Amino acid sequence: MKHLILTTALVAVFSAGAQAQDSRFTLSEGYAYQQFDEFNAHSTNGRLGYNLNEFIRLEANAVSGLSGSSGIACPVGEDCSAVEPRARFRYGYGVSVAGAFPVSEHLSMFARVGYDIANFKATAGPTGNDSGLALGAGADFYFNDAHGVRLEYSRTEFDDRGDASSWGISYVRRF
């Protein structure tokens with residue numbers, strides 16, 4: 001919910017002065033389904049992008065976990081007799097560089113590489129922050145000059161927790 005409020009506030013601020021400018025900024029808010037090695041999670045995501053040119057953009061993202069804890073297998077070498085092993089994705093953030101390929105006036109494909117940091121809470125196994133290289137690909141489809149939809153797949157190779165896959169859909173606003 002806080003992502004939605006923040007996105008709405010940023011849209012209002014940027015909309016006021018963005019009418020005569022070229023569309024350099026994008027702001028998106030959406031949903032992602034994430035598969036970690038040990039469990040699955042649902043989250044909201046927000047992303048601020050800056051187009052350096054038609055083909056390259058910089059992006060910063062923030063992710064907030066929605067679902068509660070998920071049962072996980074007891075990690076090797078740990079005693080789980082006193083507590084049921086559970087894990088939860090709490091939040092994350094990251095930065096990336098994306099290469100875009102404009103297919104048409106309203107459709108653009110992209111691939112991105114970046115670095116993500118995520119926070120996990122677990123009763124057994126790794127807990128706290130973990131980070132890693134993130135790779136992704138997807139498409140932005142715009143209904144008009146300002147409003148669109150973003151579909152994407154992303155994979156993050158975390159240092160301690162293993163790999164995570166994410167599928168997302170977002171509303172995108174160009175400024």
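Arginine 47 and glutamate 152 form a salt bridge, with their closest N and O atoms 3.2 Å apart; the term stands for a side-chain nitrogen of Lys or Arg within 4 Å of a carboxyl oxygen of Asp or Glu. Arginine 47 belongs to strand β2 (residues 40–51) and glutamate 152 to strand β8 (residues 147–158), so this pair ties together parts that are 105 residues apart in sequence. Strands (E, at least two residues) and helices (H or I, at least four) are DSSP runs, numbered from the N terminus. Arginine 47 counts as buried because its relative accessibility is 7%, and glutamate 152 counts as buried at 10%. Here buried means under 20% relative accessible area, exposed means over 50%, and partly exposed lies in between (1.4 Å probe, protein chains only).

The model is predicted, so local features need pLDDT of at least 70 and side-chain atom pairs count only at pLDDT 80 or more, while totals for chains, interfaces and linings use all residues. Residues are numbered from 1 along each chain as its sequence is written, and side-chain values use heavy atoms, with hydrogens and water left out.

Glutamate 152 has a further partner: arginine 112 forms a salt bridge with it, the closest N and O atoms being 3.4 Å apart. Since arginine 112 lies in strand β6 and glutamate 152 in strand β8, the pair ties together parts that are 40 residues apart in sequence. Arginine 112, at 7% relative accessibility, counts as buried. Another salt bridge joins the side chains of arginine 150 and glutamate 59 (3.0 Å, N to O). This pair links distant parts of the chain, with arginine 150 in strand β8 and glutamate 59 in strand β3, 91 residues apart. Arginine 150 and glutamate 59 are both buried. In total, the structure holds eight salt bridges.

The chain as a whole comes next. One helix and nine strands are present, and along the sequence they follow the pattern α-β-β-β-β-β-β-β-β-β. The chain has 175 residues, of which 43% count as buried. Among contacts (heavy atoms within 4.5 Å) between residues at least 6 apart in sequence, 56% join residues at least 24 apart. The accessible surface comes to about 9,300 Å², and 60% of this belongs to carbon and sulfur atoms. Such areas come from the Shrake-Rupley method with a 1.4 Å probe, and for residues only the protein chains shown count as cover.

At 40% relative accessibility, valine 113 counts as partly exposed.
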